[in-house]
Amino acid sequence: MQFYLNGYAPGDPDIVKENLPDAVDVLVIGSGPAGALLAAQLSNFPSISTRLIERRDRALQVGQADGIACRTVEMFEAFGLAQKLMREAYWVNETAFWRPSKQDRNRIERTGRIQDTEDGLSEFPHLIVNQARLQQYLLDYMRMSPTRLEADYGLEFVNLTVESDGEYPVVVTLRDVVKRTESVVRAKYVVGCDGARSLVRDSIGAVPSGDFANHAWGVVDMLATTDFPDIRLKAAIQSGDEGNILLIPREGGYMVRLYVDLGEIDPNKREAFRDITQEQVIETAQRVLRPYTLDVKSVVWFAVYQVGQRVTDRFDDVPVDQAGSRLPRVFIAGDACHTHSAKAGQGMNVSMQDAFNLGWKLVCVLEGRAGPELLRTYSAERHAIAQGLIDFDKEWSKIMASPPKDPMHPELGGLDPQELQAYFVKSGRYTAGVATHYAPTTVLTAQATHQALAKGFTIGMRFHSAPVVRLADAKPVQLGHAARADGAWRLYAFADASGKQLRELAAFLAESPNSPIRRFTPTGADIDSVIDVRAVFQQGHRELKVEELPSILLPRKGCFGLIDYEKAYCPDLKNGPDIFDLRGIDREQGAVVIVRPDQYVSYILPLDAHDELTAFFGQFLLDRH
């Protein structure tokens, strides 16, 4: 076997690497959570040329983030990956709280235990799994996608310029990290997912601002033996004088992660904390856990980091004073946009939500479904979410680093253990990832004029799935799992009491020249490729006949014109509450719930609001071609 003819290239020599093409539609810089998810989403579209580059010589193997919020698992279901995640991950079911003993402050005692995620918040649990494994799922998904996309390793971003015109106006210089040779690639769009020290961010003049780090934490993934009884529960531990620990059990049944409080950072010696060793961090943890013992057998991963909260002023290359005259060509996502502590488990999750927000918009524009103005909504929407994350993290980090209140010396201040437990409960929706709420500041989120028709589907928030029965095959399913990462909108029509208005809506969608489906679905494309219509009836699944469904609910698709039987649903009365009751649907009038490709509710309308329905989509979708 011969290789390295044209120079050494790290990695498996059986994998034949091709040079990057001279021009691509989307160039993604960085294969972390945001970059991998964005590339995975784009990899579904053969018409879009996508490349993912990474300066490392291979995929991440171990360490870094581990918390996967319920909302993220919902998103992964759109890629068909939720079950894989749940099988491998640790499930965070409960959280225990420990504080100094009232009798002896040198010893800790359990003070409480709560359910981690409130009932009904999501059909999925809060999970813990290595970031490297999560990214590998996405990389494998890319590899098996229609485009067979694979990351290009060993390439680093150098700089870029954006030209005023041309089909591929973004000119990017890359460098081979081994050979140190440079190459130029042109792109229609570039997305920097290159971390907190983002060079893409610097190249577009975006500026992070906020508080510098003032507190240090050590994080250790370990295999250990201990007599601490809650070693397989998430635990918030406050010691008397040795600091605090956030304990996170890891996947596999044996490994555990400790976030260990290392105290305040001297502003005159900000880099000194980097000299702290894993032995020092473990010794601190052992003191915090007294009277329990911790015998570390193996350290899997170790890091020391600062807690600081910063958010970048904008998430694209268009300065505020040019927002009305320029369209964005370069975007940033993930840590390039926002940095904060790891203990709330939000960094990786919010980063992937950035990418999920941007991905479908790039698809929509590049496939000619919408004008490029749609891309302005990315920075507008995600910047507000990032600022909310920073505000939350400041409070969270302050509470986690607070010493416990000494009942013998209340004048010294500190945090009462009940306050810590109460804050965990209060912040549960945020840490589950379901608190994101897009304001009606863009064309993608409408006013809540008709919110009363579907009170449980809050406009601007994620579509909260519920159990239903699929009519054609009587299969119990989750309604929200109908959504795939395919860039399509979902239109869920909940039937009125008589069913008359639902059938009139179905006829309008199928037959009227003003139907958004007829207007905005490209010629030759499947009828549900842009707007996917699903209906939920009030009757049981044995009371309806499939053959009597409207044609829009039995669409013919593909080259053979086969019938899709998975568009009609009924309440699941055997396995849970009726979806109409569970989500507050007006039984008399019914409702239309319009859901974005990234699973957020955009609009709620009456079933007979045909013109309003088309007008909504007409704000950003282009007539078919």
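A charge is said to sit over a ring when NZ of Lys or CZ of Arg lies within 6 Å of the ring centre and within 35 degrees of the ring normal. The legends below describe a predicted model.

**View 1. Two arginines lie over tyrosine rings.** The charged end of Arg133 sits over the ring of Tyr137, and the distance to the ring centre is 5.2 Å. In the other case, Arg329 lies over the face of Tyr189, 4.8 Å from the centre of the ring.

**View 2. Phe79 and Phe356 form a tilted aromatic pair.** A search of the whole structure finds 23 aromatic pairs. In the pair of Phe79 and Phe356, the rings are 6.0 Å apart, centre to centre, with 45 degrees between their planes. Phe79 belongs to the loop between helix H2 (70-77) and helix H3 (82-88), while Phe356 is part of helix H7 (residues 347-366), so the pair ties together parts that are 277 residues apart in sequence. Both Phe79 and Phe356 are buried.

**View 3. Helix H2 packs against helix H7.** The crossing of H2 past H7 is left-handed. From H2, the residues in the contact are Arg71, Thr72, Met75 and Phe76; from H7, they are Asn349, Met352, Gln353 and Phe356. Sorted by class, the contact has 4 nonpolar, 3 polar and 1 charged residues.

**View 4. Six aromatic residues form one cluster.** The members are Trp360, Trp489, Tyr603, Phe616, Phe617 and Phe620.

**View 5. Ser101 lies in a loop between two strands.** The loop runs between strand S5 (94-100) and strand S6 (108-115). Ser101 has a relative accessibility of 9% and therefore counts as buried. Apart from neighbours within four places in sequence, Ser101 is in contact with Arg107, Ile108 and Glu109.

**View 6. Pro229 is found in the loop between strands S12 and S13.** Strand S12 covers residues 208-226 and strand S13 covers 234-238. Pro229 counts as partly exposed, at 46% relative accessibility. Not counting residues up to four places away in sequence, Pro229 touches Trp98, Arg110 and Tyr292. Gly210 is 19 residues from Pro229 along the chain, and the C-alpha atoms of the two are separated by 39 Å.

**View 7. Arg290 and Pro291 are joined by a cis peptide bond.** Omega of this bond is about 15 degrees. Pro291 has its place in the loop between helix H6 (278-288) and strand S16 (294-312). Most residues other than glycine have a negative phi, and most peptide bonds are trans.

**View 8. Arg148 and Gln599 have positive phi values.** Neither residue is a glycine. Phi of Arg148 is near 50 degrees, and phi of Gln599 is near 80 degrees. Arg148 lies in the loop between helix H4 (131-143) and strand S8 (152-153). Gln599 lies in the loop between strand S26 (591-595) and strand S27 (601-605). With 54% relative accessibility, Arg148 counts as exposed, whereas Gln599 is buried, with a relative accessible area of 10%.

Technical notes
Residues numbered from 1 in each chain as written. Predicted model: local features only at pLDDT ≥ 70, side-chain atom pairs only at ≥ 80, totals over all residues. Heavy atoms only, no water. Phe/Tyr/Trp six-rings, centres within 6.5 Å; stacked < 30°, edge-to-face > 60°. Helix = DSSP H or I, 4+ residues; strand = E, 2+ residues; numbered from the N terminus. Buried < 20%, exposed > 50% of the residue type's maximum accessible area, 1.4 Å probe, protein only. Contact = heavy atoms within 4.5 Å. Axes fitted to C-alpha atoms, helices over the stretch in contact; angles between N-to-C directions. Left-handed = near helix turned anticlockwise from the far one by under 90°. Nonpolar A, V, L, I, M, F, W, Y, C, P; charged D, E, K, R; others polar.
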